[in-house]
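Here are some notes to read alongside the model. Keep the viewer open and find each residue as you go.

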Amino acid sequence: LQVLLADPEGENIHVLGCDKVRVERSDGSIVEAGPIADSDEELLRMLQTLARQGPGTERALTTSKPLLDRELVDGSRLAAANQITPRPYAAIRRHRYRNISLEQLVDLGTLDPLTAQFLAAAVDARCNIMIAGPADAGKTTLLRALASRIPPHEAFVVLEESRELGLHATGRHPWAMSFEAREGHGERGPDGRPEGQITLDDLIAFALRMSAPRIIVGEVRSHEIVAMLKAMRSSIGSMCTIHTRSAAAVMDRIVELALSHGQGMSAELAQRMAAGSLDLIVYLTLRDERQRGGAKLRYVSNILEVHDNFQSGHVVTTEVFGPGPDGRAIPKHLPERLRDQ
């Protein structure tokens with residue numbers, strides 16, 4: 001496994017048992033690797049060791065906790081499962097660009113110079129930005145690049161379910177404060193939660209007490225979207241990522257996650273919160289050309305300005321950048337509400 005992790009061109013490693021392993025490489029190729037353990041039992045022991053040895057909060061892969069999501073020592077992200085799968089499964093996601101700028105994303109083809117300049121100006125103007133897109137589209141990498149524009153002297157808070165961004169460790173931001181959610185252990189308390197559990201909801205509420213104007217959340221994937229939108233309403237320059245399949249579906253996804261918050265939440269209230277909290281939505285498109293001999297293409301295709309109003313049952317947006325002939329973002333309209341800012 002260490003040999004696979006040492007490959008600088010490896011991006012994603014999939015393990016379906018000790019002898020069924022493949023590596024997705026940066027050139028778009030997929031390589032099947034040899035066994036990484038002599039048996040599934042040995043593989044499970046390896047994964048359990050990684051769960052205990054990784055940085056950050058304590059994690060486990062046991063009978064009572066069959067799912068594992070954690071950061072590895074080298075900054076890779078490990079997801080593993082046992083008991084609920086026929087064999088131990090694992091996926092390791094490599095981060096080739098942990099310390100990256102918007103200019104470097106131009107070189108990689110994710111942005112063109114104009115979209116890079118626009119997004120740089122948006123960060124400088126302390127706009128609240130949501131980055132959306134499908135899995136593996138490069139949302140985390142773009143978030144890192146946007147954060148590179150934050151002045152080095154500024155203190156800000158980074159909140160993650162499983163630590164991945166690494167903004168506190170690049171040297172760019174000595175005053176970045178990184179928080180990671182924690183799994184609970186043992187008996188459940190009066191509130192029904194395992195003892196010691198700290199959720200993203202808890203962290204977002206606490207972050208507002210850290211006297212930092214910006215809050216960055218690695219990914220919102222459940223009801224914590226409500227806490228995130230509340231935090232954005234009272235902060236400036238905050239950022240987060242969210243999974244969606246299209247730019248048009250972002251608001252529906254926000255509503256869907258907000259409704260899981262429970263009673264007292266409605267679709268209209270969720271949209272009103274989004275309208276009053278978000279300034280820009282940046283959508284990343286993933287195009288997989290490997291079957292045609294190409295590679296995975298990741299690029300910004302849409303940038304939407306969100307207006308601070310709610311009309312006729314929907315949030316008003318302006319498409320500042322939209323897909324051009326090749327799908328990549330080209331200018332469509334000047335921003336309206338944010339123009340002076």
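1. Let us begin with Gly-166. Which residues does Gly-166 touch, leaving aside its neighbours within four places in sequence? The contacts are with Arg-98 and Glu-160. Please keep in mind that this is a predicted model. You will find Gly-166 in the loop between E8 and E9. Is Gly-166 buried or exposed? Its relative accessibility is 5%, and buried means under 20%, so Gly-166 counts as buried.

2. On one side, strand E8 (residues 156-160) is joined to E10 by four bridges, and the two run parallel. Leu-159 has Val-217 in E10 as its bridge partner. E10 also pairs with strand E11 (residues 239-243), again in the parallel sense, over two bridges. Here Val-217 stands opposite Cys-240 in E11. Where do the residues of E10 point? Arg-214 and Ile-216 point one way, Ile-215 and Val-217 point the other way, and all are buried.

3. Further along this sheet, strand E7 (residues 129-133) and strand E12 (residues 280-288) run parallel and are joined by four bridges. To locate this pairing, look for Ala-132, whose bridge partner in E12 is Tyr-283.

4. Two packed helices are described by the angle between their axes and the distance between the axes. For helix H7 (residues 224-233) and helix H9 (residues 267-277), the axes come within 8 Å and cross at roughly 35°. The crossing of H7 past H9 is left-handed. On the H7 side, the residues in contact are Val-226, Leu-229, Lys-230, Met-232 and Arg-233, and they meet Ala-270, Arg-272, Met-273, Ala-274, Gly-276 and Ser-277 in H9. How do the residues of this contact divide? Six are nonpolar, two are polar and three are charged.

5. Which helix is largely enclosed by the rest of the structure? That is helix H5 (residues 139-147), because nine of its nine residues are buried. Among the buried residues of H5 are Lys-139, Arg-144 and Leu-146.

6. The whole structure has two aromatic pairs. In one, the ring centres of Phe-118 and Phe-321 are 5.3 Å apart and the planes are at 65°; planes over 60 degrees apart count as edge-to-face, so this pair is edge-to-face. Phe-118 belongs to helix H4 (residues 113-124) and Phe-321 to strand E14 (residues 314-323), so the pair links parts of the chain 203 residues apart. Both of these residues, Phe-118 and Phe-321, are buried. Phe-179 and Phe-206 also form an edge-to-face pair, with 6.0 Å from centre to centre and 65° between the planes. This pair links strand E9 (residues 176-180), which holds Phe-179, with helix H6 (residues 200-207), which holds Phe-206, and the two residues are 27 residues apart. Phe-206 counts as partly exposed, at 37% relative accessibility.

7. Finally, turn to the six-stranded open sheet, where the order is E3-E2-E1-E6-E5-E4 and the pairing is antiparallel. Strand E3 (30-33) and strand E4 (67-71) stand at its edges with a single partner strand each, so one side of each has no neighbour in the sheet. E4 is joined to strand E5 (residues 77-81) by five bridges, and Arg-70 stands opposite Leu-78 in E5. Helix H2 (residues 40-53) packs on this sheet, and its direction makes about 50° with that of E4.

Key
Residues numbered from 1 in each chain as written. Predicted model: local features only at pLDDT ≥ 70, side-chain atom pairs only at ≥ 80, totals over all residues. Heavy atoms only, no water. Axes fitted to C-alpha atoms, helices over the stretch in contact; angles between N-to-C directions. Left-handed = near helix turned anticlockwise from the far one by under 90°. Contact = heavy atoms within 4.5 Å. Nonpolar A, V, L, I, M, F, W, Y, C, P; charged D, E, K, R; others polar. Phe/Tyr/Trp six-rings, centres within 6.5 Å; stacked < 30°, edge-to-face > 60°. Buried < 20%, exposed > 50% of the residue type's maximum accessible area, 1.4 Å probe, protein only. Pairing = 2+ DSSP bridges.
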